Amino acid sequence: MSSRAPASRIMGIKQDHLIGRIADWDNLLLAYHKARRGKRQRDEVQRFAADLWLHIGNLQHHLLAGTYRMGLYRRFVVYEPKRREILAAPFADRVVQHAILNVLQPLWDKQMIDHAYACRPGKGTHAGADRLQQWLRDMARQRPLEDIWAAKTDFSAYFRSIRHDDLKRIVRRKIACAGTLALLDSIIDSTPGGVGIPVGNLTSQWLANLLGNEIDQRIKRELRVKRYLRYMDDCIALFWTKAEAQYYVERLRGLSEELGLAFSKVSIHRASQGINALGYRI
């Protein structure tokens with residue numbers, strides 16, 4: 001008799017004892033090297049490097065003791081392409097966030113649908129645009145582009161609208177390690193008010209992606225939309241009829257509102273008009 005557990009049972013197991021892997025010396029050192037890329041000349045990076053072993057040891061101690069706390073954010077505004085307020089964490093906190101993602105990113109990546117293209121290895125805007133173009137070509141072999149409908153939405157102030165309680169609920173589905181959960185909670189709660197996460201945090205990118213995955217899973221499982229993809233807060237789907245596209249958008253609106261999100265833009269149009277998505281016109 002085989003001693004292997006069923007695959008479904010293995011997938012349901014929560015991950016424990018993760019904080020030791022996050023606080024592992026080699027993992028923190030790797031995180032330091034990632035965090036300093038392109039930033040070696042900055043004063044805070046040089047100060048950290050000047051007493052590297054002391055700073056790494058200090059981070060390790062606080063992570064294992066459960067006493068790590070985020071420092072003060074530095075605020076600035078960028079226009080890429082629209083106005084965004086960025087909260088930049090101190091360098092030591094960026095090291096910690098790289099250390100967290102070194103361990104948790106593979107775990108979180110497995111939860112995503114294939115066609116979520118933000119933050120993930122081997123994905124990105126170019127891969128998403130290629131997939132969308134391939135879907136259009138496949139559909140155009142069956143019918144003219146005039147008979148194909150594209151539905152495109154994005155969310156208003158996505159990062160600023162994310163509720164902390166939703167993120168905490170989501171990360172607890174696959175993680176049982178109390179130390180890791182307390183660490184993630186402290187980062188999530190590093191902005192006051194219970195709503196909104198900093199665009200500039202490395203962990204924010206993945207936490208926001210996990211929230212989007214809540215919508216992705218229901219779109220695929222409940223609506224069974226075949227040609228659907230998401231890049232962070234931009235959702236795009238292709239349909240054979242306008243009615244299908246409209247029904248999808250209304251269901252997506254409802255699912256989003258359950259998570260405290262609202263659309264900033266909605267577009268339903270024929271694919272023959274082209275689709276502006278992922279930084280490309282397709």
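Ser 204 is placed in helix H11, which spans residues 202-223; helices here are DSSP runs of H or I with at least four residues, strands are runs of E with at least two, and both are numbered from the N terminus. The model is a predicted one, in which local features need pLDDT of at least 70 and side-chain atom pairs count only at pLDDT 80 or more, while totals for chains, interfaces and linings use all residues. Residues are numbered from 1 along each chain as its sequence is written, and side-chain values use heavy atoms, with hydrogens and water left out.

With a relative accessible area of 2%, Ser 204 is buried (buried means under 20% relative accessible area, exposed over 50%, and partly exposed in between, with a 1.4 Å probe and protein chains only). Its side chain reaches the backbone oxygen of Pro 198 at 2.6 Å, a polar contact being a pair of N or O atoms within 3.5 Å; within protein, one must be able to donate a hydrogen and the other to accept it, and residues adjacent in sequence count only if both atoms are side-chain atoms. Leaving aside neighbours within four places in sequence, Ser 204 is in contact (heavy atoms within 4.5 Å) with Phe 159, Ile 197 and Pro 198.

Another buried residue is Arg 120, at a relative accessible area of 10%, in the loop between H6 and helix H7 (125-140). The side chain of Arg 120 reaches the backbone oxygen of Ala 116 at 2.9 Å. Beyond four places in sequence, the contacts of Arg 120 are Asp 109, Met 112, Ile 113, Asp 114, Trp 206 and Asn 209. The loop between H6 and H7 also holds Cys 119, which is partly exposed at 32% relative accessible area.

Most residues other than glycine have a negative phi. Cys 119, although not a glycine, has a positive phi of about 75°. Leu 278 likewise is not a glycine and has a positive phi, of about 60°. Leu 278 lies in the loop between strand S7 (276-277) and strand S8 (280-281) and is buried, at 10% relative accessibility.

Turning to helix packing, H4 (residues 43-50) and H5 (residues 52-65) pack at an angle of about 90°, with their axes 5 Å apart. The axes are lines fitted to C-alpha atoms, for helices over the stretch in contact, and angles run from 0 to 180 degrees between N-to-C directions. H4 is therefore roughly perpendicular to H5 (65 to 115 degrees; under 35 counts as roughly parallel, over 145 as roughly antiparallel and the rest as oblique). From H4, Arg 47, Phe 48, Ala 49 and Ala 50 meet Leu 52, His 55, Ile 56 and Leu 59 of H5.

His 62 is also in helix H5, and counts as partly exposed at 27% relative accessibility.

In helix H3 (residues 25-35), the buried residues are Asn 27, Leu 28, Leu 29, Ala 31, Tyr 32 and Ala 35. These buried residues pack against helix H2 (19-22), H4, H5 and helix H6 (91-109). At the start of H3, the backbone nitrogen of Asp 26 has a side-chain oxygen of Asp 24 within 3.0 Å.
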